[in-house]
Amino acid sequence: MEFLTILVIIFCFGSCLRLALYFYKLVRYRHLLHQLDPLDDIRILRIFSDILEECHCTKQILIYQVPGLSSPAISGLIHPVILLPDREYSDQDLRFIFMHELNHYLHHDLWKIFFWELVVCIYWWNPLSYMIRRLIKDTAEYANDIRLTKDRDELTRTNYMLSLLNTSKQTHTFHTLPTLHFQEGTILNIEKRCDLISDSPKIRRNLFSQFIHIGSISLLFTLSLCFIFQPSSPAPNYDNDGTVIFDKPDSSNSFYIKRKDGKGYDLYVKHEDAFINTGIIENPEDYKSPKIYSSKKEATKFYENIK
């Protein structure tokens, strides 16, 4: 078996395995949610109801409190749910959290993340897929911050950043897929988000630039997987019945290669700019002029473009 064929088999097997594990995690994740009871805290539900009304969202979204969760998150492609860590939040923090997660749902960010999770599963061997996934996730957070703070006053933007910092104090001990968190990434990532929030004009330019870069990389990545470039070869001449027309074999345009199994000889005849195997000849006496070689390697010393 050729080396390239082995690589293709390994890549396909790895992709199938990664996809199976990913969907297994999704099933386990949904099973975990079904074991929880929706939150019934009157204060939290009232704040969330106000946010839904402000955003003109009529979708029924449940809230779950999950012990060990690293930060507030939204999850679910068709039936979204809000996930809250098991801790106390101020009314202001809850408003920012619900606004942030609801905007992820309204702008279909979870579908974008889900798509690139599938891409990573299929092209697990390509480091570029991981880089694009990380960029898309970061850009989704930057865009969400901008939508929520670009028309706000300085005090509101400051309070929003404080909510990010307060949430970032928790340790990451819980991981589920697919989710988008109110606070996700390293401290440097949080600092960058705060810097962008505090400078609205700079945010818009940087965000547009990031979308252009990510779009270009994504397009090139997709195109690189859709096209296979192969060397061109001259089209053979065909007879009326569809058979290839060859010149009569002689010493100038043909040669024999002895078969390894000892059963006859392969006859190579020149057609256009290449030597093509025309079939097996049992008796080389049929064409006395062509030379006989013991292997294809030996023949390539004297002829080029042997197919």
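This is a predicted model: local features need pLDDT of at least 70, side-chain atom pairs count only at pLDDT 80 or more; totals for chains, interfaces and linings use all residues.
Five of its five residues are buried, so β3 is largely enclosed by the rest of the structure. In a regular strand, side chains alternate between the two faces of the sheet. In β3, Val81, Leu83 and Pro85 point one way, while Ile82 and Leu84 point the other way. All of these residues are buried, whichever way they point.

β3 has pairing partners in strands β1 and β2. Strand β1, residues 62-66, pairs with β3 in the parallel sense, and five bridges connect the two. Within this pairing, Leu62 has Val81 of β3 as its bridge partner. Strand β2, residues 73-75, runs antiparallel to β3 and is joined to it by three bridges. Here Ala73 stands opposite Leu83 in β3. Val81 and Leu83, the residues of β3 named in these pairings, are among those that point one way from the strand. β2 and β3 also make up a hairpin, with five residues between the strands. In that hairpin Gly76 takes a positive phi near 105 degrees.

Helix α6, residues 154-167, contains Arg157. Is this arginine buried or exposed? Buried means under 20% relative accessible area. Arg157 has a relative accessibility of 11%, and therefore counts as buried. What does its side chain contact? The side chain of Arg157 makes a polar contact with the side chain of Glu154, at 2.6 Å.

β5 pairs with strand β6, residues 265-271, in the antiparallel sense over five bridges. In this pairing Ser254 stands opposite Val269 in β6. β5 and β6 form a hairpin, and six residues lie between them. Gly262, in the turn of that hairpin, has a positive phi of about 75 degrees.

β5 also pairs with strand β8, residues 291-293. These two strands run parallel and are joined by three bridges. The bridge partner of Ile257 in β8 is Tyr293.

How values were computed:
Residues are numbered from 1 along each chain as its sequence is written. Side-chain values use heavy atoms; hydrogens and water are left out. Buried means under 20% relative accessible area, exposed over 50%, partly exposed in between (1.4 Å probe, protein chains only). Helices (H or I, at least four residues) and strands (E, at least two) are DSSP runs, numbered from the N terminus. Two strands pair if DSSP finds at least two bridges between them. A polar contact is a pair of N or O atoms within 3.5 Å; within protein, one must be able to donate a hydrogen and the other to accept it, and residues adjacent in sequence count only if both atoms are side-chain atoms.
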